[in-house]
Amino acid sequence: MLSNLENIRQGRERKVGTANSIARTKKKDSMQHVAADAAFMTTLFVNLYMIGTRDSWVLVDTGLPKQGWRVRAAAEERFGKGARPSAIILTHGHFDHAGNALDLAEEWDVPIYAHELEMPYLTGKSDYPPQDPTVGGALAEMSRLFPHSGYDFGSRVQALPHDGSVPGFPEWRVLHTPGHTSGHVSLFRERDRVLLAADALATVNQESVVTLITLERELRQPPATFTTDWGAARRSIEQLAELRPRVIAAGHGLPITDNAATRLETFAATFAPPPKGRYVRTPARTNENGVVELPPPVPDPVRKVLVGAALVAGAGTMLFALSRRSRPRRRPTAKRSKRALRRVDASKFNGR
Ligand SMILES: [Zn+2]
Ligand SMILES: [Zn+2]
């Protein structure tokens, strides 16, 4: 079912992509291009990017867990058998972006880079602040099932250089864009003004189930349920708007190329956080060791309903089990006794 969904999306993307004149040269691989040497693939609802050429490339984010085999296959399709990048760069460590980082890094024997403020969540020091399903929208509701735990990539992971460079790729710049997470980064290349914004914003409305499927392109807030500092998120969007990108490619949604700079400028100028939610008025406080202080959870009526339903279901199961246990045992019928007798006799015979 998942692959059908992705086929539908890819078919749609091919059509829309042509209309938006995304550089999609003759079909060399199944990835979608944002530049001749930058392409993305999607793991269900999360994008990951490969930038560079066959001789030298990096993987930016790694997609949902258990999808490493797809990433490897796409890399080999794009760059040739045995293709391996020079490094993996994580825009941040949420499970949907870092899900295959360690597996791929081990297999390819390459380093993982992330911003130094993201390190506590990638070295086993801290979990992320919990998601906020009360912030509203389809994805927020679904996020009840998502983990917010950190990873421990040990010595595989290291901090990105302080000068904002991408190791081995001098044209690309790393921009610290906190808000969604404290160490979130985006990537930008001045030459063709391609912006890989990751979760600093989204190019799809994740609040609606319909647009989550159709992927209609629209500049939207960062994935709200995991965004824990809305003031920083707004400032990051303003910072990205100043770049006047020609292409905006995010962690969720399809790339925006039509009038991208003006649209982002308007979006930044009118940006407002969600009206309610745990982190809307008070951000999570974090530092180089991870979470320091969290605002208290807000009342969650849906959670109450779910917990209530679980309790009712649990109590029902228990009553059913008890009623069966207290039911008087049926006396064996003559027929059943005879069969039991035969089994005993047979076992005696076999035991000899
Ligand atoms: Zn995220
Ligand atoms: Zn994400």
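Predicted model: local features only at pLDDT ≥ 70, side-chain atom pairs only at ≥ 80, totals over all residues.
**Notebook: one helix and one sheet**

I started with helix α4 (residues 101-108) and looked up what covers its buried residues: the cover includes α2, β5, α3 (95-98) and β6 (112-114). Contact here is when the C-beta atoms of two residues, placed from the backbone, lie within 7 Å. Residues are numbered from 1 along each chain as its sequence is written, while chains are lettered from A and ligands numbered from 1 in the order in which they are written.

Labels next. Helices (H or I, at least four residues) and strands (E, at least two) are DSSP runs, numbered from the N terminus.

**Back to α4**

Which residues of α4 are buried? I found Ala101, Leu102, Leu104 and Ala105. They sit on the same side of α4, because their arc around the axis is only 165° (taken from the directions from the helix axis to the C-beta atoms). On the other side, Glu106 and Glu107 are exposed. My cut-offs: buried takes 20 or more other C-beta atoms within 10 Å of the residue's own, exposed 12 or fewer, and partly exposed is in between, with C-beta atoms placed from the backbone.

I traced an open sheet of 7 strands in the order β1-β2-β3-β4-β5-β6-β7, and its pairing is mixed. β1 (32-35) and β7 (157-159) are at the edges with a single partner strand each, so one side of each has no neighbour in the sheet. From one strand to the next, the twist averages 30° (axes are lines fitted to C-alpha atoms, for helices over the stretch in contact, and angles run from 0 to 180 degrees between N-to-C directions). Pairing needs at least two bridges found by DSSP between two strands.

I then went strand by strand:

- β2 (residues 38-43) and β3 (residues 46-53) run antiparallel, joined by 6 bridges; phenylalanine 40 has tyrosine 49 in β3 as its bridge partner.
- β3 and β4 are antiparallel too, with 5 bridges, and a hairpin links them through 2 residues. Isoleucine 51 is opposite valine 58 in β4.
- β4 pairs with β5 (residues 87-89) in the parallel sense over 3 bridges, and valine 60 is opposite isoleucine 89 in β5.

Why is β4 (residues 56-60) largely enclosed by the rest of the structure? Because 4 of its 5 residues are buried.
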